[in-house]
Amino acid sequence: MTDMSTRHPYLQNGEYITSDYDCEWLERVLHEAAAQAGIYMPYEHEVAQGVLRYMDNHCPLRTVPLRYFFGRLRRVLREIGLPRVAEALREQLPPVSIPLDALVSKNPLPLFFYTELRHKLDSLRRRGLTAYRFSGTHRCSLVLGRRRRSCPTQKRALLELETFLATQGC
């Protein structure tokens, strides 16, 4: 995330509020909309940067409803000559950050760790949050493999973790 992220207004969708969004997320959203509209948009980064710069420096709101944010983004896209991209734009929340190393420190045994992770993912899905960003996978695999450094056992634990996440649709 960029240094400017601390000044972002919060994005709100129902009960969920986040300030954890960045240029990369917005570029992906724009790229998906452009692809859906069948338009090549080589300046996604510049548009995303401009929107975030406005959010950081000029937006008077502390919390911005997601629907309002995407409505304004559609307006900007129309104004710069991309009405088809504006129409294809899909409202979506930024990925939720899940620190696996913190979760495994509370639940170091694989059975309890995977049960807790499944409950956390199910809870997020029930609230409509389906995009995730995982951190701490290496440290998590060390704890699950009961190792202090990388070795075949740790690599198996990492593969098991990656397989679990893939089967969960992450």
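## A buried leucine in a loop

Leu89 counts as buried, because its relative accessibility is 4% and the cut-off for burial is under 20% relative accessible area. In this predicted model, Leu89 is found in the loop that runs between helix H4 (83-88) and strand E4 (96-99).

Leaving aside neighbours within four places in sequence, the contacts of Leu89 are with Val29, Ala33, Phe70, Leu73, Arg74 and Leu77. One of these residues, Leu77, is 12 residues from Leu89 along the chain, and the C-alpha atoms of the two are separated by 9.6 Å.

## Overall architecture

The protein has 8 helices and 5 strands. Read along the sequence, these elements follow the pattern β-β-α-α-β-α-α-β-α-α-β-α-α. The C-alpha trace spans about 55 × 35 × 30 Å along its principal axes.

Of the 170 residues, 39% count as buried. Among contacts with a separation of 6 or more, 64% are made by residues 24 or more positions apart.

## Surface and charge

The side chains include 25 positive and 18 negative ones, and the centres of the two sets lie 6 Å apart.

Lys106, Lys120, Arg126 and Arg127 form a positive surface patch. Within this group, Arg126 lies in helix H6, which comprises residues 110-126. Arg126 is exposed because its relative accessible area is 65%, where the cut-off for exposure is over 50%.

## A nonpolar surface patch

Tyr43, Val76 and Ile80 form a nonpolar patch on the surface, and together they have about 230 Å² of accessible area. Tyr43 is placed in the loop between helix H1 (23-37) and helix H2 (44-57). With a relative accessibility of 34%, Tyr43 counts as partly exposed.

Glu44 is found in helix H2.

Not counting residues up to four places away in sequence, Glu44 touches Glu27, Leu30, His31 and Ala34.

Arg146 lies in the loop between helix H7 (137-144) and H8. Its phi is near 50°, a positive value in a residue other than glycine. Is Arg146 buried or exposed? Arg146 counts as exposed because its relative accessibility is 66%.

Helix H8 covers residues 152-167 and contains Glu160. At 45% relative accessibility, Glu160 counts as partly exposed, a class that falls between the buried limit of under 20% and the exposed limit of over 50%. Glu160 and Leu144 are 16 residues apart along the chain, and their C-alpha atoms are separated by 9.7 Å.

Conventions:
Residues are numbered from 1 along each chain as its sequence is written. This is a predicted model: local features need pLDDT of at least 70, side-chain atom pairs count only at pLDDT 80 or more; totals for chains, interfaces and linings use all residues. Side-chain values use heavy atoms; hydrogens and water are left out. Patches are made of residues with over 30% relative accessible area and no salt bridge: like charges are joined within 9 Å, nonpolar side chains (Val, Leu, Ile, Met, Phe, Trp, Tyr) within 5 Å. Accessible areas come from the Shrake-Rupley method with a 1.4 Å probe; for residues, only the protein chains shown count as cover. A salt bridge is a side-chain nitrogen of Lys or Arg within 4 Å of a carboxyl oxygen of Asp or Glu. Lys and Arg count as positive and Asp and Glu as negative; His and the chain ends are not counted. The place of a charge is taken as NZ of Lys, CZ of Arg, CG of Asp or CD of Glu. Helices (H or I, at least four residues) and strands (E, at least two) are DSSP runs, numbered from the N terminus. Buried means under 20% relative accessible area, exposed over 50%, partly exposed in between (1.4 Å probe, protein chains only). Contact means heavy atoms within 4.5 Å.
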